[in-house]
Amino acid sequence: MTTFLHLTDFHVSDPALADAQLLTDTEARLGEMLGMVAAMERKPAFAVVSGDLTNHGDVASYRYLRGRLSGLGFPLVYALGNHDSRPGFYRGMLDRSHDLEEPYCHEAVIDGVHVIVLDSSVPGRIGGALDDESFAFLDRALDDHHGVAKIIVVHHAPALDATSQLPWETLGQADSARLAAAIRGRNVAGILAGHVHVDRVSMWNGVPVIVGAGLHNAFDPLFGPGLRAVAGAGFALCTLRPAGLAVTFVPLPSDRRELAVLSEEKVRAFR
Ligand SMILES: [Fe+2]
């Protein structure tokens, strides 16, 4: 049995930037979350962070976030989202100065879990996609570490069917179908994603797809058409057993106050 955290959508900016585009104080939410994690007596084996680490993808904000996350005492595994930028992440988070546009696909076996990270970010786009190299990487990774359960981390969750693009575009239909075919029968215990700022669990072709709300805001799942952004933030505690994955959502304290309402038309512009 392995316990780990699913964190997502920090949308953190370096406070020196005075980011006017944030709906909430994500830096404060990050502090609250880190305090809750620090108070855990039984530490998780690791944490995955499924993208939108920063709000603007700038080097300064990655460096700031890196400082805030240092000293957690367990490994962090990062994926990139549409608010991230590969060059900013590589420079600010990893001190890497080569191949700065390369998709950040990587894998690790930690405490008996094979974590496979795919990079669905597409520079300049809100929706996500996986290129041929990413699918080739996935295929190779799924062949490795036979018998070790796999967790896929990707910012944009697959489309559940042809009508499921809510609240805005995630992975397209073709990539979702290709992903479904790639993972069939290959010991994938779950897919962990972010992007849409809601807590959502879906069984998709027999594999649980977990979306976490993250730290920026939440969307009112009962509102529609259109979107109602409310205060709300959280993360998830995951336990992987031989029988499968359990996910418990951990909300941060929130008054769920209304932050913004977007018309259906405006939401369509996100796609
Ligand atoms: Fe996000």
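Q: Which element gives the most to the lining of the largest cavity?
A: That is β12, with three residues. Keep in mind that this is a predicted model.

Q: Which residues line that largest cavity?
A: His6, Leu7, Thr8, Gly212, Ala213, Gly214, Gly234, Phe235 and Ala236. The elements giving two or more residues to this lining are β1 and β12 (234–241).

Q: What volume does the largest cavity have?
A: About 40 Å³.

Q: And how many cavities of 30 Å³ or more are there?
A: The count comes to one.

Q: How do the lining residues divide into nonpolar, polar and charged?
A: Four are nonpolar and five are polar. None is charged.

Q: New topic. What are the protein donors of the iron ion?
A: There are two kinds of residue here. Asp9 and Asp52 each donate through OD. His11 and His197 each use NE2. These donors lie 2.0 to 2.3 Å from the iron ion.

Q: How are the donor residues spaced in sequence?
A: The pattern is D-x1-H-x40-D-x144-H.

Q: Where do histidine 11 and aspartate 52 sit?
A: Both are in loops. Histidine 11 lies between β1 (2–7) and α1 (26–38). Aspartate 52 lies between β2 (47–50) and α2 (59–69). So the pair ties together parts that are 41 residues apart in sequence.

Q: Are those two buried or exposed?
A: Histidine 11 is buried, and aspartate 52 is buried too.

Q: Why is the arrangement around the iron ion irregular?
A: Look at the angles. The four donor atoms subtend 89 to 175 degrees, and that makes the arrangement irregular. Tetrahedral would need all angles between 85 and 135 degrees.

Definitions and conventions. Residues numbered from 1 in each chain as written. Predicted model: local features only at pLDDT ≥ 70, side-chain atom pairs only at ≥ 80, totals over all residues. Heavy atoms only, no water. Donors = N, O, S within 2.8 Å, 3.2 Å for Na, K, Ca; no water. Tetrahedral: all angles 85-135°; square planar, octahedral: opposite > 155°, others 65-115°. Helix = DSSP H or I, 4+ residues; strand = E, 2+ residues; numbered from the N terminus. Buried < 20%, exposed > 50% of the residue type's maximum accessible area, 1.4 Å probe, protein only. 1 Å grid on protein atoms, 1.4 Å probe; cavity = no way out; pocket = protein on both sides within 12 Å on 5 of 7 lines; lining within 4 Å. Points joined across faces, edges and corners; volume = space filled by probe spheres on them. Nonpolar A, V, L, I, M, F, W, Y, C, P; charged D, E, K, R; others polar.
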